[in-house]
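Please consult the sequence and the structure below while reading.

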Amino acid sequence: MKIKNRGGALVILCVVNFLCMLDTTIMTIVVPRLQGAFNASLGQVSWAVNLYMIVFATTALLAARIAELWGENRALFGGIVLFLCGSLASGCAPTLAWLYVSRVVQGLGAAVILPLGTIIGMQLVSPDRRNQVVAVLGGCQALATAVGPVVGGWITEQWGWRWVFFVNVPLLAVILLLIPVWMVLATRSRLTLRAIDVPGAALSMLMLLSLTLGLVKGPDWHWCSPVILGLLFTAGITFCAFIGVECRVAHPMVDLGLFRSRNFNAAAGAMVGACFFLAGFVILVPTFLVRLHGLTELQAALHILPYSGVVFTTTVVASLGMKHINPRIIVVGGFGSIGLAYWFLGHMELSGYHNLLVGSVLVGLGFGVIAGPAMVWAAADFTGSRLTVSQSVINVLRQVGMVLAVAVCMSLFNANLATAKTQVQRYGDSQINQCTLSPRLRQQFRNKLKTHVKRLGAGKEKNTQFKVPQVTVTSAMKHRAIAQALAQKKRQGRLSAQQRQAVVQAITPQVTAQLVVRVNRIQWQVTRVVRRVHREAQTRLCAAFTHIYRLLLPVAFFGMGWAVIFPRRSQKSNNNIKQK
């Protein structure tokens with residue numbers, strides 16, 4: 001790989017890494033706007049996010065192999081072209097189907113850019129200075145994660161959702177002009193099917209496609225459905241077949257010699273765990289703030305900004321200082337910080353943001369401490385082709401960790417939400433039974449309660465508010481009360497028409513006053529029930545979120561035990577592991 005200007009090449013890598021990661025984080029803010037723009041359900045719009053993740057995870061290994069044969073610089077140029085075209089097409093999308101295709105193109109571009117960004121960056125320096133390059137590139141990705149939700153919310157509110165994609169176009173166009181100036185676009189070798197492990201490529205793509213699709217849609221399509229079980233079964237079978245093929249072919253997609261390195265195995269597990277717990281925070285907390293605290297998406301992004309700043313800072317600092325600290329200490333400290341964060345998040349309340357603030361800082365600290373060094377650990381024992389494959393595998397595993405978090409957290413939330421709805425319905429029914437209501441009013445009240453419970457968790461905080469049914473004095477109620485009073489007078493003697501009219505005029509104000517008192521008493525009971533049901537609904541919904549963190553808390557602390565996989569001392573095994 002030839003570079004004309006190392007500093008210029010590093011600038012290019014930083015910018016494209018920043019934009020790719022920014023697109024990933026910014027989409028969480030755009031989704032609600034896409035629903036309104038295309039008049040689509042949340043499930044339909046979520047495919048715009050899911051397709052990007054699925055395509056990235058599915059094609060990253062193949063993209064790395066093609067880049068290794070064709071030339072990393074030229075492959076990076078092609079990936080940027082794909083990402084630019086996908087961004088432009090996404091911003092111009094007239095229909096949801098158009099947006100789906102555009103996001104697939106963006107995913108293909110990101111699958112090339114993100115792994116190659118780290119690979120090319122590491123090859124710019126000697127192995128003992130890789131941590132410095134990772135600190136810079138990891139800092140750019142962390143910065144995109146930090147500012148992504150806020151920038152996305154601001155752009156969406158000021159210019160509209162299409163500009164979230166359009167802002168990539170001029171920046172990437174400038175980068176494409178600079179690449180030939182600072183990097184040599186030479187073809188390394190002739191790209192042929194013989195040089196590519198076609199069976200391995202097909203099996204890896206089918207395996208990752210089945211796995212990511214099954215994990216992403218498991219909560220929606222139900223885990224025991226034939227489709228999800230079939231996808232997961234396919235992933236397992238193709239994984240076994242993939243391993244068998246890679247052991248026999250001359251030019252495998254993944255050199256299985258990677259897994260003879262303890263550094264690589266430990267780094268891979270640490271990266272998956274760190275991304276899993278980070279995604280568990282990023283997925284649930286904004287939803288918690290929007291649905292229970294009534295914040296806008298931009299306000300929710302601002303509330304979790306402290307975590308983003310900590311991720312940026314700790315990623316850079318940890319990458320630069322990792323040489324002076326034993327990897328085991330780093331992993332124990334990182335997962336310990338995440339465990340403490342999940343304890344605070346598991347005890348969040350409806351009032352106040354203290355626990356959220358502490359938890360977000362600790363999550364950012366734990367993830368940043370692990371993620372930056374893990375990229376260096378994964379490459380510590382490799383150069384050449386194995387360095388390329390190691391970074392591709394790590395990026396795929398990072399994506400798998402995040403997809404796994406989506407599956408686990410959304411499944412737990414859906415189960416907790418169903419339980420919360422049942423509890424709120426039972427509580428509301430018991431409260432309604434204690435009210436002195438007529439059968440008709442009681443049934444109307446129950447129907448409103450049933451409609452309210454169905455809407456729980458389906459939207460913003462206003463959907464958790466149970467509106468007070470209004471009880472008023474109607475003309476029918478007046479007529480019935482007057483008729484009852486006249487019937488009582490008739491028992492005392494016959495009334496003439498004039499006497500009847502006089503009695504009606506005399507008792508009407510009295511009857512009306514009594515009805516108003518009675519209705520006010522009923523209204524007070526109804527209002528009290530509504531307030532109690534609303535408070536119970538908020539409490540149960542809060543528990544539906546926080547219980548997830550309490551369940552995952554032991555798993556986070558268990559991650560500290562992963563430190564034993566690392567060698568006792570950081571080892572440089574380039575001489576021990578032969579390169580192909």
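Trp377 and Phe566 form an edge-to-face aromatic pair, with 4.7 Å from centre to centre and 70° between the planes. Rings of Phe, Tyr and Trp (its six-membered ring) pair if their centres lie within 6.5 Å; planes under 30 degrees apart count as stacked, over 60 as edge-to-face and the rest as tilted.

Trp377 belongs to helix H14 (residues 354-379), while Phe566 lies in the segment after helix H18 (497-558), so the pair ties together parts that are 189 residues apart in sequence. Helices (H or I, at least four residues) and strands (E, at least two) are DSSP runs, numbered from the N terminus.

## Basis of the model

Residues are numbered from 1 along each chain as its sequence is written, and side-chain values use heavy atoms, with hydrogens and water left out. Because this is a predicted model, local features need pLDDT of at least 70 and side-chain atom pairs count only at pLDDT 80 or more, whereas totals for chains, interfaces and linings use all residues.

## Other aromatic groups

By the rule for ring pairs, the count comes to 17 aromatic pairs. Phe38 and Trp161 form a tilted pair, 5.6 Å from centre to centre with 55° between the planes. This pair links distant parts of the chain, 123 residues apart: Phe38 is in helix H1 (residues 6-38), and Trp161 is in the loop between helix H5 (130-159) and helix H6 (163-166). Phe38 counts as buried because its relative accessibility is 17%; Trp161 counts as buried at 9%.

One aromatic cluster is formed by Phe276, Phe277, Phe335, Tyr342 and Tyr549.

## Helix H15 and its partners

The axes of helix H8 (residues 198-221) and helix H15 (residues 384-433) come within 7 Å and cross at roughly 25°, which means that H8 is roughly parallel to H15. Axes are lines fitted to C-alpha atoms, for helices over the stretch in contact, and angles run from 0 to 180 degrees between N-to-C directions. Angles under 35 degrees count as roughly parallel, over 145 as roughly antiparallel, 65 to 115 as roughly perpendicular and the rest as oblique. On the H8 side, the residues that meet H15 include Leu208, Leu211 and Leu215, and those met in H15 include Val396, Val400 and Met410. The residues of this contact (heavy atoms within 4.5 Å) divide into 12 nonpolar, 3 polar and no charged. Ala, Val, Leu, Ile, Met, Phe, Trp, Tyr, Cys and Pro count as nonpolar, Asp, Glu, Lys and Arg as charged, and the others, Gly among them, as polar.

Helix H10 (residues 262-293) packs against H15 at an angle of about 40°, with the axes 7 Å apart; H10 and H15 are therefore oblique to each other. The contact of H10 with H15 has 21 nonpolar, 3 polar and 2 charged residues.

## An exposed loop residue

His222 is found in the loop between H8 and helix H9 (226-246). His222 has a phi near 75°, a positive value in a residue other than glycine. With a relative accessible area of 56%, His222 is exposed.

## The chain as a whole

The protein chain has 18 helices and 0 strands. Buried residues make up 52% of its 580 residues.

Definitions and conventions:
Buried < 20%, exposed > 50% of the residue type's maximum accessible area, 1.4 Å probe, protein only.
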